[in-house]
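Please walk me through this structure.

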Amino acid sequence: MKIQIRYFASLREVLGAQEWLDMPSGSTLGDLRDVLIGSSARHAEALARGQAVRCALAQRMCDEGTVLVDGAEVAFFPPVTGG
Amino acid sequence: MGERVSVRHADFDLSAEVATLRAVDAGVGAVVVFVGTVRDHSSGQNVSRMELEHYPGMTETAIEAMIDAAHRRFDIRAARVVHRIGVLEPADQIVLVAVTSAHRGQAFQACEFLMDYLKTQAPFWKKESTAEGSRWVDARSSDDAALQRWGLSSGNAG
């Protein structure tokens, strides 16, 4: 299934605004993060476990156990700092 | 009744915002407003400008959900949130949270609740420019702690 991945703030500066990836059906957000980490040295550093990275699915905050669906919009970003 | 959430580049007029909230509801007996502004210093350094990024669509939806939560939790008449994005300078206004209620107590609480919620759950990111270059602002664990006062957990700052 095709997954749209969007990045914001410091992650966008390193990885670009968005990319698409094919994932096996039943994959979770955590599985996707693992695949991304394996895709380049830049991804590995920016998305490393232990880095403060938040994620969203369909524009809602989610944890990594969330199961993805075909065509899903996923986003990775640093902790939020508005207000 | 006007829109509840506005995320935009343009500045806001505090008096006009409050007047609009009051004009449509004679049951209002209290208006509480918070305005956040750009500080000219951060971690001991002078800040010359600030840039605010958001997640178009998600940011607005998240704030709408916060206002729904405020209505469920407090006896308020209305709430309005304006948050600016783009390039801002020291002393510029960043955010407005305005809440109306029949009596002051609920409006005071709901305004603080909305700001605590927004700080940790609304997708905005600040980048400061200083003499040493620009840097993304770190999230504060004290903001997570502020939300916990309302019985809500937040792991935003990690």
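The questions below go from chain B to chain A. This is a predicted model, in which local features need pLDDT of at least 70, side-chain atom pairs count only at pLDDT 80 or more, and totals for chains, interfaces and linings use all residues. Residues are numbered from 1 along each chain as its sequence is written, while chains are lettered from A and ligands numbered from 1 in the order in which they are written.

Q: What is the radius of gyration of chain B?
A: The radius is taken over C-alpha atoms, and the globule rule is 2.2 Å times the number of residues to the power 0.38. For 158 residues that rule gives 15 Å, and chain B comes close to it, so it is as compact as a globular protein of that length; its radius of gyration is 16 Å.

Q: What share of chain B is buried?
A: A residue is buried if 20 or more other C-beta atoms lie within 10 Å of its own, with C-beta atoms placed from the backbone. Of the 158 residues in chain B, the buried share is 37%.

Q: Which classes of residue make up the side of chain A that touches chain B?
A: Two residues are in contact if their C-beta atoms, placed from the backbone, lie within 7 Å. By that test, 15 residues of chain A meet 24 residues of chain B. Ala, Val, Leu, Ile, Met, Phe, Trp, Tyr, Cys and Pro count as nonpolar, Asp, Glu, Lys and Arg as charged, and the others, Gly among them, as polar. On the chain A side there are no charged residues, five polar and ten nonpolar.

Q: Within what arc do the buried residues of helix 2 of chain A fall?
A: Helix 2 covers residues 29-37, and its buried residues are A:Leu29, A:Leu32, A:Arg33 and A:Leu36. The arc is that of the directions from the helix axis to the C-beta atoms. These residues line one face of the helix, because they fall within an arc of 100°.

Q: Which residue of strand 2 is the bridge partner of A:Ile3?
A: Strand 1 and strand 2 of chain A run antiparallel, joined by five bridges. In strand 2, the partner of A:Ile3 is A:Leu21.

Methods: Buried ≥ 20, exposed ≤ 12 C-beta atoms within 10 Å, placed from the backbone. Helix = DSSP H or I, 4+ residues; strand = E, 2+ residues; numbered from the N terminus. Pairing = 2+ DSSP bridges.
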